[in-house]
Amino acid sequence: MRRHHILIPLAAVLATLPLILYGCSCGHDFDFHLQSWVDAAYQLRHGTLYPHWAFSPAWNAGEPRFLFYPPLSWLLGAILTLIFPIAATPALFTFIALTAAGFSMHRLASHFTSPNAALLAATLYLANPYMLFNAFERTAYAELLAAAWIPLLLLAALRKRPTIPGIAIPIALLWLTNAPAAVMGSYAFAVLAAIRLVSTVYTRKRSNLADSSAQHFMDCHPERSEGPASCPPDLKSIPKPQHQLATYLAGITLGLTLPAFYLIPAAYERRYVQIAMAIIPNMRIQDNFLFGHTADAPHNTVLHTASLLAVTLLTLTFAVIILVVIKGRHSERSEEPLYFNRSGNTAPIGENAPRHSQILSLLVLTLLIAILLTPISTPIWLHLPELSFLQFPWRLLTILSAILTFTIALLFNRANTSGAPFIAWPHRAMSGKAIKFIAPLCALALSLLCIHLYRQPCDDTSTPTAVSQSFNTHHGVQPTDEYTPTNADNDVIRPNDPAYWLSTDPNAFAPNTTPNPGGTDPTFDGFFPADQAVSGRAPLHLEFHADKKEFLILNLRDYPTWDVGESDSNSLEFVHPPHIPRDDGLVAIPLYYPADYKVDIRWHTSADQQLGFILSIFAMALLAFSAYRSRKLN
């Protein structure tokens, strides 16, 4: 076992230590994620291995949350909930996400730098302020987990010879973890790939010109000349741009096909929900640029915090990149080795050393992020596909923090530190055994600082134990606006409906239920007292007697993939009656005459869901073949 296998999890434990000592932080998205974990865990326990429908939202009428929200984070949370006490689940999830982020950054940095520099980068990345802002203040657990795949995406774009599996895997993981992170990650990869392609074309053109020059022979053969042994790269060592482009396109295509079981239904069935509610005021790009101001004071506080983080990270990133460039030029002039190789020994620039085009790619991407954080970039946000669904431009800090920590590794990896004591002393400090203490201490220091800045208190109803108890006692929760079916009004549905009821009016409310003031009171926040939020969940099978012609109303939101069938004692024929529209979006079906009825409700796997599973299986086979072929060639 290598030392980073111990030190990275140790750093993650230290970064999570405040949650272990003081309890969880109930941040902005805490309730949403915890409710998802509890709901999914309940379904896993009862044999549904891949849930699509969350039953507790909309006061137990449900919503297709799991069909639209990427599955990795809520499945991980659900599995942890099944294995460990619910109170420990948030800290365990945070530890796993931070550990994965550390190993991911270590893989990126170790490809280009020494083991010490890679270990430092891994520690700084898993405990960087924006990562802990997500963990402690926002508790945006899916975005926290998605940060683990960003370094792998950078590695796929920056390595000298990209591979199809190397590109496909991080893209697929991002789409299966967090949709906003996947959108910005896909665009970031496209930018880096475009820069690398242009650089490849330029380098090959320069090499062609050099090959045709007589001086090239003298310059590149010091035994025949007094001149410096500096020459353009050998043409054979530079990948052909058409091959590079083909690899990029194939990797992206495969990366989008692997999660097709999630992506295709989520993309196709958006027409069935109010997805535009995800970008209402205060959740729009134009409301969240740096140091913006809205009428919502709590929103402004969060935006101010994120803006300070953005300015700090941008300043540090630009400074470190400039220092990397300066040191590179200084080392070239001194004709000393630029980098440590992967074994930790000094060596000239080789296969894995970052070249000028790669540093330039990171600089351009950092500049682009800086522009996208300001209002001048509004047309870009509003016109590029899906970009507006990021909601908060400062989500790009996930990518920026990866760039920052990676370039810190490049800076401290320089072998030649003469004439630069401000770089020499940290390099010496990282040498030998010191890094074993420095890396974990950095994680602990950053964690203690950030828990003080970002920790959010929990009220009695928001603790993990309280959320679990509420679910088990049939206390429903608020609907999620963007996952609400198109024909449903969240200001009409009542919080304490029974599992089902009969009425001669298909639009009738259940007797003795609490009206929803949301349609008449603009100040209503959507929350009901706990004693008014106990509702029934529609059973998937029920038998009852109807005394007359009337309607069966289920406390279940109507959705195209719900298949409701009924049979009665008169005909014994199993039929699928029409669904009668209601303002609250609940299922209502007609009962045409008095009889004993049996009703069965099941989730129907639609054609788009079946197509998604088929494509994902096919993509897995292609990935295995591509990985085997790449390994064989290597």
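**Figure 1. Strand β5 and its cover.** Strand β5 (residues 550-557) is mostly covered, with 8 of its 8 residues buried; buried means under 20% relative accessible area, exposed over 50%, and partly exposed in between (1.4 Å probe, protein chains only). Strands, like helices, are DSSP runs numbered from the N terminus (strands E, at least two residues; helices H or I, at least four). The model is predicted: local features need pLDDT of at least 70, side-chain atom pairs count only at pLDDT 80 or more, and totals for chains, interfaces and linings use all residues. Residues are numbered from 1 along each chain as its sequence is written, and side-chain values use heavy atoms, with hydrogens and water left out.

**Figure 2. Pairing partners of β5.** Strand β3 (residues 500-503) runs antiparallel to β5 and is joined to it by 4 bridges; two strands pair if DSSP finds at least two bridges between them. In this pairing, Ser 503 stands opposite Phe 551 of β5. Strand β7 (residues 586-591) also pairs with β5 in the antiparallel sense, over 6 bridges. Here Ile 553 faces Ala 588 of β7 as its opposite residue.

**Figure 3. The largest nonpolar core.** A nonpolar core is a set of buried Ala, Val, Leu, Ile, Met, Phe, Trp, Tyr and Cys residues joined through side-chain atoms within 4.5 Å. The largest one holds 153 residues, of which Trp 394, Leu 397, Ile 399 and Phe 406 touch the most other members. Helix α19 (residues 397-413) contributes the largest share of this core, 12 residues. A second, separate core has 11 residues, including Ile 493, Trp 501, Ala 533 and Ala 588.

**Figure 4. Surroundings of Ile 399.** Leaving out residues up to four places away in sequence, Ile 399 touches Ile 150, Met 184, Gly 185, Ala 188, Leu 365 and Ile 369. Contact means heavy atoms within 4.5 Å.

Figure 5. Val 13, Ile 20, Leu 21 and Tyr 22 form a nonpolar patch on the surface, with about 410 Å² of accessible area together. Patches consist of residues with over 30% relative accessible area and no salt bridge, like charges being joined within 9 Å and nonpolar side chains (Val, Leu, Ile, Met, Phe, Trp, Tyr) within 5 Å. A salt bridge is a side-chain nitrogen of Lys or Arg within 4 Å of a carboxyl oxygen of Asp or Glu. Accessible areas come from the Shrake-Rupley method with a 1.4 Å probe; for residues, only the protein chains shown count as cover. Val 13 lies in helix α1 (residues 4-22) and is partly exposed, at a relative accessible area of 33%.
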